[in-house]
Amino acid sequence: MLSHPIICLLLVLFCIITLYIKILKHNDSTKKPNKPSLPPGPKPWPIVGNLPEMLANKPTFRWIQNIMNDLNTEIACIRLGNIHVVLVTSPSIAREILMKQNAIFASRPSNWSSEHVSLGYLSAALTPFEGQWKKMRRLITNELVSPVRLQWLHDKRAEEADNLVRYVYNQCKNGSALVDIRLAGKHYAGNLIRRLIFNKRYFGNGREDGGPGAEELEHVEALLILLKYLFAFSVSDYVPLLREFDLDGHKKAMKEATNTIRKYHDPIIEERIHQWKNGTRTHQEDLLDVLISLKDATNNPLLTLEEIKSQIMEIMIATIDNPYNNIEWVLSEILNQPKLLQKATEELDNVVGKERIVQESDIPKLNYVKACIKEGFRLHPIDDFNVPHVAMEDTIVFNYFIPKGTHVHIRRQGIGQNPRIWKEPLKFNPEKHLKNDDRPSLTLVDSNLETFIFGTGKRGCPGVTLGSTITIMLFARLVHGFTWITPSNEKIIDLSECVGDTSKAKPLVALGKPRLAGEVYHKMNQMKNIK
Ligand code: HEM
């Protein structure tokens with residue numbers, strides 16, 4: 001006979017084992033066969049996640065490209081500190097995130113760089129999803145880039161397009177000359193946005209040939225530095241305790257750049273507000289006047305001084321990089337395939353002729369020109385990563401679990417070069433955008449996100465019309481106004497990318513020669529130097 005305590009012990013053991021089996025069974029039954037997991041990715045370390053690999057594999061975007069190629073996936077997840085970062089190269093997943101689940105993914109990350117540039121989240125593009133974003137987004141859409149406003153600003157844009165031709169013409173008017181296309185593109189876009197906002201091309205005395213002065217060179221470079229370091233996978237964005245140490249130097253570079261920009265912007269903005277207050281200015285001439293004159297429901301100024309400064313800095317940043325980078329790549333690609341350059345030139349000659357220069361009103365008829373530009377955006381976006389979005393709640397995307405707080409980076413180049421979507425993805429061929437498009441006038445809008453240009457949804461670009469116009473006019477004026485050939489010491493244009501980003505490693509310098517009737521240029525050369 002077993003003694004009483006042993007029976008008790010056996011009974012307890014039996015209960016424990018039964019309970020354990022029950023728990024196991026329960027877990028098994030609750031484990032649905034397809035319980036969503038995170039998207040695939042490298043196994044994260046405890047606490048730091050994949051930060052060690054990120055730091056050991058610079059530049060980060062190439063490390064991420066390699067991870068996704070190795071895993072053969074169009075969606076991946078890495079963990080940086082305690083933040084999940086999801087990467088996407090599939091148009092259908094991008095549509096799910098930016099269209100179907102748009103409301104969930106409408107926020108932006110909070111980090112030092114975006115807070116710094118937006119002067120504490122006062123502007124639209126960088127501000128997480130909340131009231132301030134709504135206020136500034138509405139204002140941009142309704143007051144700064146509405147069709148009526150863009151019409152009002154037409155003549156300023158036309159003068160800057162004329163100044164572009166004047167600047168290039170002054171370099172090659174005695175025959176032909178080498179022209180730095182990157183420089184010309186940067187400064188056309190910089191002049192144009194300064195003109196729309198401040199009614200100024202030059203902060204200083206400018207240059208007689210229409211080119212940039214030292215101040216404009218400094219201004220545009222500072223804006224591009226901010227872009228370079230915004231959302232640039234700085235380690236302190238994921239481990240805020242490290243912010244003070246500025247381990248990668250991003251903070252120092254960004255502070256210097258904002259100081260430079262504010263050195264030019266702030267006195268103009270402050271003086272202008274003063275003029276409106278003391279009644280010496282009563283007539284709106286540019287977007288700064290518009291911003292100052294906006295009123296709230298109680299007829300008080302809608303915007304504070306800091307809101308105006310922040311929104312102006314953001315629009316300056318948003319306008320310059322895409323157009324010049326696109327045109328530099330497109331011209332490089334078609335210099336290497338002269339038949340394409342010839343086709344674009346023929347279209348311009350057919351639509352415009354050679355007695356006048358191309359104008360914005362010609363744009364609807366320039367489908368081949370626009371197809372070239374779209375193809376440039378597909379192959380060579382300025383940055384692989386779109387501005388990041390943040391999931392505001394837990395969700396499921398294509399059967400993957402995406403936790404609240406995840407940063408989503410849609411990879412523009414990954415989408416544009418996705419071999420499942422595009423035949424011969426690495427070949428520059430504008431016909432790709434003409435084949436399936438029977439609309440009478442092609443646009444640069446990327447509605448199915450197979451070429452990721454402006455994005456879509458709540459955080460999609462509000463500057464589509466202005467951005468398209470600037471880019472198309474830059475390309476059309478250069479190709480219509482001048483003959484371009486590869487410099488004699490280069491067989492073909494070197495199409496290598498920078499190691500650290502997607503820009504062209506070497507600036508494009510091409511041999512340009514005027515190709516229109518002489519009076520066309522002379523008229524522009526007589527333009528006053530607008531300061
Ligand atoms: C060719 C030129 C341009 C391109 C390719 C472009 C592209 C983009 C892209 C891809 C986004 C992010 C979309 C997303 O988050 O999913 C964006 C956002 C934005 N863009 Fe543009 N853009 C251009 C020109 C402009 C211009 C001229 C303006 C001036 C008003 C502008 C203002 C903005 C703003 C304010 C946002 C942020 C929207 C938000 O977060 O609510 N962009 N742009």
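Helix α14 gives the most to the shell around the ligand: five residues. Before I go on, note that this is a predicted model.

Let me stay with the ligand. The shell around the ligand has 24 residues, and those that come nearest are A125, G455, C461, G463 and G467. Which helices supply at least two residues each? They are α6, residues 131–144, α14, residues 305–336, and α18, residues 464–481. By type, the shell holds 14 nonpolar residues, eight polar ones and two charged ones.

Next, the protein as a whole. Its secondary structure comes to 19 helices and nine strands. Along the principal axes, the C-alpha atoms fill a box of roughly 120 × 60 × 45 Å. The protein has 531 residues, and 43% of them are buried. As for contacts, take those between residues at least 6 apart in sequence: 74% of them join residues at least 24 apart.

On to the strands, and to β9, residues 509–514, in particular. Strand β9 pairs with β3, residues 177–180, in the antiparallel sense, over four bridges. In that pairing, V179 has A510 of β9 as its bridge partner. Strand β8, residues 482–485, is also joined to β9 by four bridges, and these two run antiparallel. Here W484 stands opposite G512 in β9.

Last, a helix with a buried face. Helix α4 covers residues 91–100, and its buried residues are P91, I93, A94, I97 and L98. Why do they line one face of the helix? Looking down the axis of α4, the buried residues fall within an arc of 160°, so they sit along one face.

What do the buried residues of α4 pack against? Their partners are the strands β1 (75–80), β2 (83–88), β4 (389–390), β5 (395–397) and β7 (407–410), along with helix α17 (412–416).

How values were computed. Residues numbered from 1 in each chain as written. Predicted model: local features only at pLDDT ≥ 70, side-chain atom pairs only at ≥ 80, totals over all residues. Near = placed C-beta within 6 Å. Nonpolar A, V, L, I, M, F, W, Y, C, P; charged D, E, K, R; others polar. Buried ≥ 20, exposed ≤ 12 C-beta atoms within 10 Å, placed from the backbone. Contact = placed C-beta atoms within 7 Å. Pairing = 2+ DSSP bridges. Arc of directions from axis to C-beta.
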